[in-house]
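User: Here is the model I'd like to go through. Can you take me along some of its elements, one at a time?

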Amino acid sequence: MIEDQLAHVGSLVRSARQHRGLTQTQLAERLATSQSAIHRIEQGAQNVSLEMLTRIGAALDSPIVTLGGPQRTHLRVHGGQTLSGRIDVNTSKNGAVALLCASLLNRGTTRLRNVARIVEVDRIVEVLRSIGVRATWSTDGRDLEIVVPEHLRLEAIDVDAARRTRSIIMFLGPLLGLEDEFRLPYAGGCDLGTRTVEPHLIGLRPFGLDVTATAGDYHGLVTRGGAQDLAVVLTERGDTVTENVIMAAARREGVTTIRNASSNYMVQDLCFYLELLGVRIDGIGTTTLRVHGLADIDADVEYAVSEDPVEAMSLLTAGIVTGSEITVGRVPIEFMEIELATLAEMGLRFTLSDEYAAANGRTRLVDVTVHPSDLRAPIDKIHPMPFPGLNIDNLPFFAAIAACAEGSTLIHDWVYEGRAIHLTDLTRLGADVRLLDAHRLQVTGPTHWSGAEVSCPPALRPAVVILLAMLAAKGTSVLRDVDIIARGYEQLQDRLVQLGAQIETFRD
């Protein structure tokens with residue numbers, strides 16, 4: 001629909017403007033127009049000509065439309081710089097995506113505060129809008145208001161946006177509580193090897209969901225049961241699997257007990273939001289949840305998304321590998337304790353502030369200052385575990401950190417059979433990284449980093465690890481085709497520049 005297209009264009013303009021650090025008034029001055037006109041464009045409330053879009057792109061040095069094929073984005077890094085200063089952690093991408101999916105359960109108005117403005121979020125918003133959900137960004141582009149229609153237009157779903165995000169799989173839980181039959185496009189996402197959806201289907205079958213894979217989509221049929229207590233045992237303690245089952249239980253009358261549940265940060269965010277909707281959940285933060293579901297949910301609520309521990313680890317790594325003293329603020333400490341304990345074992349010196357509450361009133365935050373340190377390899381291997389273990393998404397950062405440490409470190413990425421190989425690209429920058437098998441790396445340091453040109457791997461976290469290693473590498477490095485980083489980070493390179501990194505963006 002025209003309205004959806006205008007809203008998408010408005011979102012692109014707003015993101016580009018904020019990226020350049022301009023107000024609506026400043027952009028209006030560059031275009032010789034009014035602030036109110038820019039506001040209407042960004043809200044999707046005004047038709048925009050191709051000529052105006054071209055002018056906006058030129059004013060922002062960020063093309064809104066491209067003729068003759070897409071331009072590829074690259075980064076040029078002048079490494080070996082010492083970083084300094086303070087940077088605050090943004091809110092969670094994974095938490096925001098789960099809350100967007102869960103908003104389908106609510107017939108009232110959901111207002112999400114301080115939502116991460118990243119590609120993954122924008123794709124889910126595009127999908128929601130395509131099926132009739134009204135999703136409106138605030139003027140400053142930080143808050144999102146969501147209103148779900150009485151009847152979803154699932155036949156009009158944006159297939160392209162849906163297939164470019166694995167998060168679409170989390171529509172299964174909400175939809176089985178709303179529809180008797182539905183279709184969803186196959187899920188996409190990072191290239192991390194085979195990532196089966198079978199754990200999701202095992203967790204949702206007790207709710208009456210039967211899914212058949214057809215040509216290009218999932219065909220779901222729902223058999224309704226009576227209001228009775230239900231017990232679900234998850235065969236995999238996965239974050240998105242747990243979220244799917246929680247959302248299915250939220251709209252089902254009766255009590256659902258979920259065992260072997262993930263208690264990770266995005267799961268807790270989801271539970272806190274559902275509690276605001278009136279869904280009682282016992283056991284938040286543990287592996288056994290009791291969800292007291294409601295047949296109807298209709299509440300006007302506001303919820304502030306919590307901070308992202310994976311971004312916190314990313315920013316801390318920037319300071320560690322460059323031998324810098326920086327402060328990373330608003331770190332969700334409950335979800336970083338194992339990482340910090342592992343870093344302490346490796347000899348990292350850091351200090352913590354007193355704890356304080358996040359905007360949601362539930363998540364505990366601290367400020368972490370890292371100091372230049374002589375690192376050593378840990379005695380034991382480094383491996384992820386479900387929370388409260390070391391976060392699976394934080395594991396790749398230890399490859400770059402281990403490369404700075406004296407001795408050999410074994411890194412065991414047992415979850416993904418295709419991710420470890422992407423970290424061997426660190427050898428291009430001088431690191432000694434050996435792939436032992438599909439899941440294990442041996443990293444020997446310390447590394448004398450040197451600049452190089454590397455093509456961005458098709459996996460988010462390894463891509464960021466290579467960028468951070470380039471900060472430590474003397475000379476000039478080029479990281480090509482970096483669009484995947486925008487899937488999980490909001491203007492990461494610009495935020496690193498604020499700490500003193502020398503990074504330039506350029507296009508073909």
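Analyst: This is a predicted model. In helix H3, residues 35-42, the buried residues are Ala-37, Ile-38, Ile-41 and Glu-42.

User: Where do the buried residues of H3 fall, seen down the axis?

Analyst: They fall within an arc of 135 degrees, so they line one face of H3.

User: And which residue takes a positive phi just after H3?

Analyst: Gly-44 does, with a phi of about 75 degrees.

User: OK, on to H5 and H6. At what angle do their axes cross?

Analyst: The axes of H5 (residues 93-102) and H6 cross at roughly 5 degrees and come within 9 Å. Angles under 35 degrees count as roughly parallel, which means H5 is roughly parallel to H6.

User: Which residues make the contact?

Analyst: H5 contributes Lys-93, Ala-96, Val-97 and Leu-100. From H6 come Glu-120, Val-121, Ile-124, Val-125 and Leu-128.

User: How many of them are nonpolar, polar or charged?

Analyst: The contact of H5 with H6 has 7 nonpolar and 2 charged residues, and no polar ones.

User: Stay with Leu-128 for a moment. Buried or exposed?

Analyst: Leu-128, which lies in H6 (residues 119-130), has a relative accessible area of 0%. The cut-off for buried is under 20%, so Leu-128 is buried.

User: What does Leu-128 touch, leaving out residues up to four places away in sequence?

Analyst: Leu-128 touches Leu-100, Ser-103, Leu-104, Val-133 and Phe-171.

User: How many bridges join S3 to S5, and which way do the strands run?

Analyst: S3 (residues 109-113) and S5 (residues 144-147) run antiparallel and are joined by 4 bridges. Across that pairing, Leu-112 stands opposite Leu-144 in S5.

User: And S4 to S5, parallel or antiparallel?

Analyst: Antiparallel, with 4 bridges joining S4 to S5. Arg-134 stands opposite Val-147 in S5.

User: What about the hairpin of S4 and S5, how many residues are between the strands?

Analyst: The hairpin has 6 residues between S4 and S5, and Gly-141 takes a positive phi near 75 degrees.

User: Which residues of S4 are on the covered face and which on the uncovered one?

Analyst: Ala-135 and Trp-137 are on the covered face of S4, while Arg-134 and Thr-136 are on the uncovered one. In a regular strand, side chains alternate between the two faces of the sheet.

User: Last one, Thr-240. Which helix is it found in?

Analyst: Thr-240 is in helix H10, residues 239-250. Its relative accessibility is 31%, so Thr-240 counts as partly exposed.

User: What does Thr-240 touch beyond four places in sequence?

Analyst: Thr-240 touches Met-170 and His-200. Its C-alpha atom is also separated by 9.1 Å from that of Asn-94, 146 residues apart along the chain.

Definitions and conventions:
Residues are numbered from 1 along each chain as its sequence is written. This is a predicted model: local features need pLDDT of at least 70, side-chain atom pairs count only at pLDDT 80 or more; totals for chains, interfaces and linings use all residues. Side-chain values use heavy atoms; hydrogens and water are left out. Two strands pair if DSSP finds at least two bridges between them. Helices (H or I, at least four residues) and strands (E, at least two) are DSSP runs, numbered from the N terminus. Buried means under 20% relative accessible area, exposed over 50%, partly exposed in between (1.4 Å probe, protein chains only). Contact means heavy atoms within 4.5 Å. The arc is that of the directions from the helix axis to the C-beta atoms. Axes are lines fitted to C-alpha atoms, for helices over the stretch in contact, and angles run from 0 to 180 degrees between N-to-C directions. Angles under 35 degrees count as roughly parallel, over 145 as roughly antiparallel, 65 to 115 as roughly perpendicular and the rest as oblique. Ala, Val, Leu, Ile, Met, Phe, Trp, Tyr, Cys and Pro count as nonpolar, Asp, Glu, Lys and Arg as charged, and the others, Gly among them, as polar.
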